[in-house]
Each structure stands twice: as structure tokens, then as C-alpha cells.
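Subject: A structure to look through, with notes

Dear colleague,

Please find the structure below, and keep it open beside you while you read the notes that follow it.

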Amino acid sequence: AAIAFIVIEQVHARATRRATRAVPAAAWALPAVALLVFVQLGYAPATHSIARGSAEVLSATARGSIPGGAPARLLELTTTFGLAALPLFALGLVGLVWAVRRPASAGGPAALRFLHVPAMVYLLAVVGLVAAGAYSGSHRYLYPALPSLALLAAAALDRQNALARLGSVAAGALLAVAFLPTFASFAAGNTGLIAAGQAANGDHGLLITDSPVVAFYSGRAPGEVSGSQVLPADRQQAIAWMGTHGVTAIVLEDISYYRATSIFPDLASGHASTPFGPLGEQARYQVPGGKPVYAYRFGTALLTQSIYPGVNACIEGAFGQGKTAPLAKGLVLEVAGHDAAAEGMGFGVPIVHYPDGWVYSRTATTDDLSTPTATIWRRTYDLNEIGGDAAHGYAFVPIASRGLLQVTYTIDTSGVAITVHVVQLTPGYTEVGILNEQSSAFNDFAAEKGPTLTGAGFGSWVPVDGAWGRLQSKSLGVQFSLPSIAGAQLHGGRELIAPDFDWAGLDYIFGPSFTDTSYVIKVQEAR
């Protein structure tokens, strides 16, 4: 644009027989032009920008993120991009008129040739590309023109009295306040990405995501996050690469030009299959006006062992539904390929009661200690989340760690042997709970003594009378039972209040003298 302006200026000067000194200035610009040509021929940044922009427009239009027609795109551009910079545009237009009439008022002829006119040409080109559907209309397109607009606006204000300048600044401040709802609506679109990032928090291994929002809220170190561009284009090769590079989670946005979307279109549409499994409750990641977001665990984040045909025991890196979704879960049952835990915490999950509330584990790590003849998993729970009760509004809040407990699971064809070991606990606790929970589908409660309770008759906190308690789900065809333990009260409980409560379990409550414990959960077919 600068060279074109100088050429036109030279032609005009020759036609009017006026002398000009623009040619030396043009000579200084030639190296920059040569560099531009070299870079374009060697690396094609300009054509790449158009190609990339067009792909973004097609993808965003298909998602409904931007309008499909040129007039609607231009209207959106002027009501967001234009509104944000309205003071600059208004004052800059006045400054541009002064710069054309009196070049000395805006930095002299050189500023007009090499800054202001190229910036105006750039803005017109961007508006044209947005209208044509080659660019989406991002606010980033404004950045290259900001220096010119700022100088032109300043030149316009310099010619006004102090009162007018003060009024202009006040008007700009009011406009900035008026723009806040638009800005907030942009931020609200990231709510799903934030939730997906938090779901991936605390796990070890590599996270694959193309979202910087997810990367940030995952809390992982930069070396534990990678974009999907590193994946091979072939699906099987990509899965193999993920397996060899320690990937434990993948978060996708349904954006067509992201590599993960093209490799795993099923995942991008919310359908998981082995070796992927849901990471948290997918509905939490979908927000009005936001991009479709799906989060999955992968490979080593899921250890599975068959108990008997059709029923598996699984340890998952992070998963869940309802209010317990942010918490670290224990061993869960998988029946006919489907998770049977729902909002239940799983088997062998420790919680500790302090004066300020019950403390749970938000993060946990799993070690596979299996041998050729035995399946053994050791899960270390970090007690760093408090809440879930009325005092905390039934919400969970991260806190500094109150201790570590190790739970070892040994799985065989009869069930699961569980050993709980205290690594360290902050003093001051009054109770220790060991939760053994699955979904509310286990709606049939029995104990050695007392009546069998089913459905609505099975309450949220029922003492187990006798040497054992049992929960059964005839719909799933599975039951599990636990023994009573000396020094602990065993309770059965069940709640089904959609969408936040969906659990049933047999939970131990120990007193403040708790050290270690062990027990066996028998898993068998329903009767």
C-alpha cells in the first residue's frame, strides 16, 4: 500500500509538473518489498492466511458462531469490532481529514505515506475479506491499524480545547463500560472449556487439547500439554502415538480444521469408544453460545479387569457425573461395557471429617502393581477438596491438602480385596469414612438382620444390622456385599434426585482413632 501510494503520488506530481522528493523514500522501502516477495514465494504467509481464514469461516458458519451472509457478517463486525474501537474510528477519521489537508498536523507527509494510508488500505481490505467470507471478523484484525488510529485520534484531539478533549475521553470511557456486556458474552462462551480443563486437573500424563483455556485450567505443566497437531493423521497411528507418549486425557472442540477433530470425528461429536472413555459429565461442557466441547480419558487412565463375564472392575483417572464429578473416584463396576457408578464415588474411597466439614480427594494417582497371576492397583488419594454438605452449599471447594491415604485393590473372580493405609493425616479430624458406592440402580438393600428395603423404601442412611450388608441391582444383574468391621459403623444409603444425586452404597464410618483397615467386597450375579 505504501509503494502504491508513492507511485500514485509520483504520477500525480509529473502530471501537475510539481517537484517531489518521494522517490528516495520509495527506494528505502524496496528492501522491505523484496523481503515480502521472498517470504511469500518461500513460505506463502499471505495465501496461507486467506486459506486458513476461509477454513475458519466455513467451520464457524457451520457451527452457527458467525452469520452466513455478507451483510450479516459486516453488521456483526461493526457491532463488535467497530463498537470496541468507536472512539478511535470517530476521532481517527477527523485526524485523517486533517492529515490529508495539512500533513504536518499528523506526523508529516512520511507518516501519511508509510503509516496512515497503508493502515486505511489494510482496514478496507480486512472489511472486504470479511464480507467475502475469507476472514471471520476477529478483533485481532484491528491490531495492525491501531498505531495509525491512535496517532490520528491524538492529532484530532490536539486541535480541540481542553473541555472537548475531556469530553472525548469521558465518552470513550462510557463506551468502554457499555462494551462490557459484549465482552462478558465472549467470556461466557469459554465456560464449557473451563469446566473441561478443571475435569482434567490433577491427573498425571499428557493432555491433548487445542484450547489454551483448557490447558490453563487443567493446572498441568506446559510439558504435560500438547496440541493435536503433533498427532499422526491416521487414526490408528494417532492412538499408538498417544499410547507411547503417556497421554491420559484428550479435550476436543468440534472445530473442523483442528487435527483431532478430523482424526476422531466420533469423539468430536460426543461418542466415545475404546480406548477412550468420558472424562466427567459431558453436558457440563456444553454452554449456549460456546463451542461444542468433549473431554475423554485415554489408555493408561483406565485400568480394567474382568471379575466375571460381563462385569469388569475399573480404575479411572477422572470421571463422574453430578456434584461429585470434580472428585477423585475409586474402583467402579462396568456392566456390559457401561459404567455402573453414575454419581457414586466408587469402592474404597476415603473421606475425613474435620470441624469445618468433610474433606474429599480431588486428585489421585494410580500405580499398577499387577503380577502375571494377580491384578493389583494402588491408588493414592490426596485430601484436597472440602464440601458437599449444607454448610458449603452442597458444592465442593479446593483446599490445601489435609493428608494422603493409599488404597490397594486386589481383583479376582470373586470380587475386590481392599486395604486402606494412612500415609499422613492432618490432626484434628473426628471421623474417617470409607465409601463403597455405585449408581442408584443398586436399589435393593439387605443385611444379615432386618428387612430387605427396595426402591423408595431404601433411604439415604440406613444402619447395617448384623455381620454383612448387601446391595443389588436386578436391572444390571449384579450385587455386591461387604462385611461389618470392628470399630466402624456400616451404613447403606441411596439417593436419586436428577441431575445431581445418583448413588447407592455401603459406607464405613470410623472414629478419630482410625489407622488402617482392610475388607473384601464380594461381587456376584443378582438373585
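In which segment does R527 lie? R527 lies in the segment after β24 (517-525), where strands (E, at least two residues) and helices (H or I, at least four residues) are DSSP runs numbered from the N terminus. Before going further, please note that this is a predicted model, in which local features need pLDDT of at least 70 and side-chain atom pairs count only at pLDDT 80 or more, while totals for chains, interfaces and linings use all residues. Residues are numbered from 1 along each chain as its sequence is written, and side-chain values use heavy atoms, with hydrogens and water left out.

To return to R527, this residue counts as exposed because its relative accessibility is 70%; here exposed means over 50% relative accessible area, buried means under 20%, and partly exposed is in between, with a 1.4 Å probe and protein chains only. R527 touches Q472, K474 and Q479 when residues up to four places away in sequence are not counted, a contact being heavy atoms within 4.5 Å. R527 and Q472 are 55 residues apart in sequence, and their C-alpha atoms are 8.3 Å apart in space.

Next come the helix pairs. Two packed helices are described by the angle between their axes and the distance between the axes. The axes are lines fitted to C-alpha atoms, for helices over the stretch in contact, and the angles run from 0 to 180 degrees between N-to-C directions.

Helix α1 (residues 2-15) and helix α6 (residues 109-132) have axes that come within 8 Å and cross at roughly 120 degrees. That angle makes α1 oblique to α6, since angles under 35 degrees count as roughly parallel, over 145 as roughly antiparallel, 65 to 115 as roughly perpendicular and the rest as oblique. The crossing of α1 and α6 is right-handed; a crossing is left-handed if the near helix is turned anticlockwise from the far one by less than a right angle, and right-handed if clockwise. On the α1 side the residues that meet α6 are A2, F5, I6 and E9, and their partners in α6 are L112, R113, F114, V117 and P118. Sorted by class, this contact of α1 with α6 has 7 nonpolar, no polar and 2 charged residues, where Ala, Val, Leu, Ile, Met, Phe, Trp, Tyr, Cys and Pro count as nonpolar, Asp, Glu, Lys and Arg as charged, and the others, Gly among them, as polar.

Helix α5 (residues 86-101) also packs with α6, at an angle of about 135 degrees and with the axes 12 Å apart. α5 and α6 are therefore oblique to each other, and their crossing is left-handed. F89, L96, A99 and V100 of α5 make the contact with L112, H116, M120 and L123 of α6, and by class these residues divide into 7 nonpolar, 1 polar and no charged. V100, found in helix α5, is exposed, with a relative accessible area of 54%.

Helix α3 (residues 45-63) has 19 residues and reaches 26 Å from its first C-alpha to its last, close to the 27 Å expected at 1.5 Å a residue, a span taken as 1.5 Å times one less than the number of residues. In α3, the residues G53, E56, V57, S59 and A60 are buried. E56 and V57 are in contact with S136, as are I66 and Y141, leaving aside the neighbours of S136 within four places in sequence. S136 lies in the loop between α6 and α7 (146-158), and S136 counts as buried because its relative accessibility is 19%.

Most residues other than glycine have a negative phi. A44, in the loop between α2 (22-43) and α3, has a positive phi near 50 degrees, and A44 is partly exposed at 25% relative accessibility. A342, in the loop between β9 (338-339) and β10 (346-354), has a positive phi of about 50 degrees, and A342 is buried at 12% relative accessibility.

Last, I351 is found in strand β10 and counts as buried at 6% relative accessibility. Its contacts, not counting residues up to four places away in sequence, are W358, V359, Y360, E431, V432, G433 and L435.
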